[in-house]
Structures are given as C-alpha cells and as structure tokens.
Amino acid sequence: MPNEDDPEDDEAPVEIDSMCSARCPHCGELNVFPGFEQILVFVCHFCGEPVEVESPPIQ
Ligand SMILES: [Zn+2]
C-alpha cells in the first residue's frame, strides 16, 4: 500500500488557480497567464509586441 496519507495534500504549495492578466496597450487585447501571480514583461499573444507591465491589476 502506498502512503496515501500524504500531509502535503492539505497544503498544496503551488496552486494553479493563481492567474495573471494584463491588457496589451498596442492592440488592446487581454493576455492571461495561468500559473503566474504577477507578470512584469511579456510578449503579446495577439500582436507580438513586447509589453512592460508597471502596475499589475488587482482582482
Ligand atoms: Zn497586443
């Protein structure tokens, strides 16, 4: 029998629930980044322009 009473089950260290989103100033599309709590720089998924996020939106 494997040890199914893993105590780490109770406190998942990494929640994939966390998601970050930022709107591209170039094309206005909303880019989402599942798994990221905060993102500072990204390349827009829609127009391919680099975007610097200075103040991430609070949800
Ligand atoms: Zn864009």
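**Figure 1. Overview of the predicted chain and its strands.** This is a predicted model, in which local features need pLDDT of at least 70 and side-chain atom pairs count only at pLDDT 80 or more, while totals for chains, interfaces and linings use all residues. Residues are numbered from 1 along each chain as its sequence is written. The chain has 0 helices and 4 strands, and from the N terminus its elements follow the order β-β-β-β; here helices (H or I, at least four residues) and strands (E, at least two) are DSSP runs, numbered from the N terminus. The mean pLDDT of the chain is 81, and 68% of the residues score at least 70, where pLDDT is the predictor's confidence in each residue, from 0 to 100. Of the 59 residues, 3% count as buried; a residue is buried if 20 or more other C-beta atoms lie within 10 Å of its own, exposed if 12 or fewer, and partly exposed in between, with C-beta atoms placed from the backbone. Among contacts between residues at least 6 apart in sequence, 14% join residues at least 24 apart, a contact being two residues whose C-beta atoms, placed from the backbone, lie within 7 Å.

**Figure 2. The hairpin of β1 and β2.** Strand β1 (residues 19-23) pairs with strand β2 (residues 30-34) in the antiparallel sense over 5 bridges; two strands pair if DSSP finds at least two bridges between them. S21 stands opposite V32 in β2, and the bridge partner of R23 in β2 is L30. The hairpin has 6 residues between the strands, and G28 takes a positive phi near 85°. Strand β2 is hardly covered, with 0 buried residues among its 5. In a regular strand, side chains alternate between the two faces of the sheet.

**Figure 3. S18 and E37, in contact across the sequence.** Neighbours within four places in sequence aside, S18 is in contact with G35 and E37. S18 and E37 are 19 residues apart along the chain, and their C-alpha atoms are separated by 5.6 Å. E37 itself is placed in the loop between β2 and β3 (41-43), and E37 is exposed because 10 other C-beta atoms lie within 10 Å. With neighbours up to four places away in sequence again left aside, the contacts of E37 are S18 and C20. Between E37 and C20, which are 17 residues apart in sequence, the C-alpha to C-alpha distance is 5.4 Å.

**Figure 4. P50 in strand β4.** P50 is exposed, since 10 other C-beta atoms lie within 10 Å. Not counting residues up to four places away in sequence, P50 touches V41 and V43. P50 and C24 are 26 residues apart in sequence, with 8.8 Å from C-alpha to C-alpha.

**Figure 5. E54 in the segment after β4 (50-52).** E54 counts as exposed because it has 5 C-beta neighbours inside 10 Å. The C-alpha atoms of E54 and V41 are separated by 8.7 Å, the two residues being 13 apart along the chain.
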